[in-house]
Amino acid sequence: MSRKKTPKSKAGSAPATSALPAANGPRSVRPGTARPGPKAPPNGPPQPGRSSIGGGGDFYDVAFKVMLVGDSGVGKTCLLVRFKDGAFLAGTFISTVGIDFRNKVVDVDGMKVKLQIWDTAGQERFRSVTHAYYRDAHALLLLYDVTNKASFDSIQAWLMEIQEHAQDDVVLMLLGNKVDSAQERAVKREEAEKLAKDYGLPFMETSAKTGLNVDLAFTAIANHPCPTGS
Ligand SMILES: Nc1nc2c(ncn2[C@@H]2O[C@H](COP(=O)(O)OP(=O)(O)OP(=O)(O)O)[C@@H](O)[C@H]2O)c(=O)[nH]1
Ligand SMILES: [Mg+2]
């Protein structure tokens, strides 16, 4: 799995699993499947769910905990709202306090996967609160804002944080959000591709505003439990 990585040396490194779906057509991507783990992760394999016979639309076969991390303002909450409700939170920026979560059940190859998505506060002052949640996460979506170079420069620090607090085999994916703001772009796609390659991370550019690649990113994460799911 592409999990908490330190940069690979050029020689002998496994091919990076960076995936860059075109805007006009999602391409199947399975995050972090380069190195399957030999055993169930300490945070437990994806949890078996309630049998798929219930009403209410929230029955599922397997559950998967996903955490959104990255600097404040990169669009974590908007990405989650876009995925969950299909809407965009324009206007005043309301920074997340502490941590919040939403559930969404997605269909992956005929299996219902419940994504429990934890939306963390990017602000430094909440860091100790969010640390406690890392160890239960099966997957992390690490976001930066393509119009904010500082948020991209923070990615290495986030990776160190992940290294320290998340499980060894957590699934990781790098997302460059706000790609709709082409005029204000401050981080080249190639730059991010290189970083992703160095760390062996799948990578996509997204827009919570237009919805570009949002479903694809979460579906890629949801795809993950299939090989090890119950
Ligand atoms: N143009 C554009 N703006 C976006 C996009 N996603 C988020 N925004 C804007 O960016 C600002 C911050 O978005 P949030 O989702 O609240 O950011 P966050 O990462 O959750 O921030 P914290 O909760 O403080 O960690 C808001 O004003 C959003 O409207 C996007 O894809 N495109
Ligand atoms: Mg937020």
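A residue counts as buried when its relative accessible area is under 20%, as exposed when it is over 50%, and as partly exposed in between. Keep in mind that this is a predicted model.

**Exercise 1. How far can you trust the model?**

Task: Find the mean pLDDT of the protein chain, then pick out stretches where the pLDDT is below 50.

Solution. 
- Step 1: The chain has a mean pLDDT of 80, and 72% of its residues reach 70 or more.
- Step 2: Residues 5-42 have a pLDDT below 50, yet in the model this stretch has 79 contacts beyond near neighbours in sequence.
- Step 3: Residues 226-230 are also below 50, with ten contacts beyond near neighbours in sequence.
- Step 4: For the model's own scores, write down ipTM 0.99 and pTM 0.80.

**Exercise 2. Read the fold**

Task: How many helices and strands does the protein chain have, and in what pattern do they come?

Solution. 
- Step 1: Count six helices and seven strands.
- Step 2: Walk along the sequence and you get β-β-α-β-β-α-β-α-α-β-α-β-α.
- Step 3: Take contacts between residues at least 6 apart in sequence: 75% of them join residues at least 24 apart.
- Step 4: Of the chain's 230 residues, 49% count as buried. The chain exposes about 10700 Å², with carbon and sulfur atoms supplying 52% of that.

**Exercise 3. Which side of the helix is buried?**

Task: Name the buried residues of H2 and of H4, and work out how they are arranged around each axis.

Solution. 
- Step 1: Start with a handy rule: an α-helix has 3.6 residues a turn, so residues three or four places apart point the same way.
- Step 2: In H2 (residues 127-134), the buried ones are Arg127, Thr130 and Tyr134. They span an arc of only 65° around the axis, so they sit on the same side of H2.
- Step 3: Turn to the face of H2 away from that side, and you find Ser128 and Ala132, which are exposed.
- Step 4: Ask what covers the buried residues of H2: the list includes strand S2 (62-70), strand S3 (99-108) and helix H4 (155-165).
- Step 5: In H4, Ile155, Trp158, Leu159, Glu161 and Ile162 are buried. Down the axis they fall within an arc of 160°, so they line one face of H4.
- Step 6: Met160 and Glu164 are exposed on the other side of H4. Cover for the buried residues of H4 includes H2, S5 and helix H5 (189-199).

**Exercise 4. An enclosed helix**

Task: Why is helix H1 (residues 76-85) largely enclosed by the rest of the structure?

Solution. 
- Step 1: Seven of the ten residues of H1 are buried, so the rest of the structure largely encloses this helix.
- Step 2: Those buried residues are Lys76, Cys78, Leu79, Leu80, Val81, Arg82 and Phe83.
- Step 3: They pack against S2, S3, S4, S5, S6 and helix H6 (214-223).
- Step 4: After H1 comes Gly86, with a positive phi near 70°.

**Exercise 5. Around the ligand**

Task: Which residues come nearest to ligand 1, and how much of ligand 1 does the protein bury?

Solution. 
- Step 1: There are 24 residues around ligand 1, and the nearest are Ser72, Lys76, Ser95, Gly122 and Asp180.
- Step 2: Check oxygen atoms of the ligand: one is 3.0 Å from a polar backbone atom of Leu89, and one is 2.8 Å from a polar backbone atom of Ala208.
- Step 3: A nitrogen atom of ligand 1 is 3.3 Å from an N or O atom in the side chain of Ser181.
- Step 4: Taken alone, ligand 1 exposes 650 Å², and the protein buries 91% of that.

Definitions and conventions:
Residues numbered from 1 in each chain as written. Chains lettered and ligands numbered in written order. Heavy atoms only, no water. Buried < 20%, exposed > 50% of the residue type's maximum accessible area, 1.4 Å probe, protein only. Helix = DSSP H or I, 4+ residues; strand = E, 2+ residues; numbered from the N terminus. Arc of directions from axis to C-beta. Contact = heavy atoms within 4.5 Å. Near = heavy atom within 4 Å. Polar contact = N/O pair within 3.5 Å; in protein donor to acceptor, adjacent residues only side chain to side chain. Areas by Shrake-Rupley, 256 points an atom, 1.4 Å probe, with all protein chains shown as cover. pLDDT = per-residue confidence, 0-100.
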